Amino acid sequence: MNKNYYRIGEFSKKINLTIDTLRFYEKENLIKPKRDQNNIRLYSDNDISWIEFIKRLKQTGMPLKEIKIYSALRYKGDSTINERLSLLNSQKKRLENDNLEIKKHIDFLNKKINTYKSKLQHK
C-alpha cells in the first residue's frame, strides 16, 4: 500500500492545527511521527485519522491525562483494546451524566417559561 507522507507544515494545514500544537502533541506522546534520514518529521494518512480522533476526544471533554493514556495504549497495539474500551466507556458515561444534568436544567427553564406564558395569557 502506497502511503502519503507530509512534512509538518503541510500536515499542519491539512489537519488545521498549528505546528506548535503538533509539537506539543508529540512532546506529550499523543502522536509519534516517523522521521526521515535527516530527522525531519513525516506524517502519514494514518496520522490524519489519529489526529482527528484526538480532536474528537477533546471535544467530548475527555481530560488530556486520559487522552495520553489512550494514546499510549493505542501505540502498544491491539492487546490494549479492553483498556481503551474502558476509557471510552468512562467518557461516554460522563457525557450521559452531563446530558441528564442538562435535561434537568432545560426542564427547570421550561417550567418557568410556561409559568410566565400562563400568566401572560390570563392578563
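K55 is found in helix 3. Helices here are DSSP runs of H or I with at least four residues, strands are runs of E with at least two, and both are numbered from the N terminus. This is a predicted model, where local features need pLDDT of at least 70, side-chain atom pairs count only at pLDDT 80 or more, and totals for chains, interfaces and linings use all residues. Residues are numbered from 1 along each chain as its sequence is written, and side-chain values use heavy atoms, with hydrogens and water left out.

**The whole chain**

The protein has 5 helices and 3 strands. Along the sequence they follow the pattern β-α-α-β-β-α-α-α. The radius of gyration is 22 Å, well over the 14 Å that the globule rule gives for 123 residues, so the protein is more spread out than a compact globule. This radius is taken over C-alpha atoms, and the rule is 2.2 Å times the number of residues to the power 0.38. Along the principal axes, the C-alpha atoms fill a box of roughly 80 × 35 × 30 Å.

Two packed helices are described by the angle between their axes and the distance between the axes. Axes are lines fitted to C-alpha atoms, for helices over the stretch in contact, and angles run from 0 to 180 degrees between N-to-C directions.

| Pair | Angle | Axis distance |
|---|---|---|
| Helix 1 and helix 2 | about 100° | 9 Å apart |
| Helix 1 and helix 3 | roughly 50° | within 11 Å |
| Helix 3 and helix 4 | roughly 150° | within 11 Å |

Angles under 35 degrees count as roughly parallel, over 145 as roughly antiparallel, 65 to 115 as roughly perpendicular and the rest as oblique.

**Helix 1 with helix 2**

Helix 1 covers residues 8–15 and helix 2 covers residues 19–27. Their angle makes helix 1 roughly perpendicular to helix 2. I8, G9, F11, S12 and I15 in helix 1 meet I19, L22 and R23 in helix 2. Contact means heavy atoms within 4.5 Å.

**Helix 1 with helix 3**

Helix 1 and helix 3 are oblique to each other. On the helix 1 side, F11, K14 and I15 take part; they meet D47, I48, I51, E52 and K55 in helix 3.

What does K55 touch, leaving aside its neighbours within four places in sequence? K55 is in contact with I15, N16 and L17. The K55 side chain reaches the backbone oxygen of I15 at 2.4 Å.

**Helix 3 with helix 4**

Helix 3 spans residues 45–59, and helix 4 spans residues 64–76. Their crossing angle makes helix 3 roughly antiparallel to helix 4. W50, F53, I54, L57 and K58 in helix 3 meet I67, Y70, S71, R74 and Y75 in helix 4.

Methods: A polar contact is a pair of N or O atoms within 3.5 Å; within protein, one must be able to donate a hydrogen and the other to accept it, and residues adjacent in sequence count only if both atoms are side-chain atoms.
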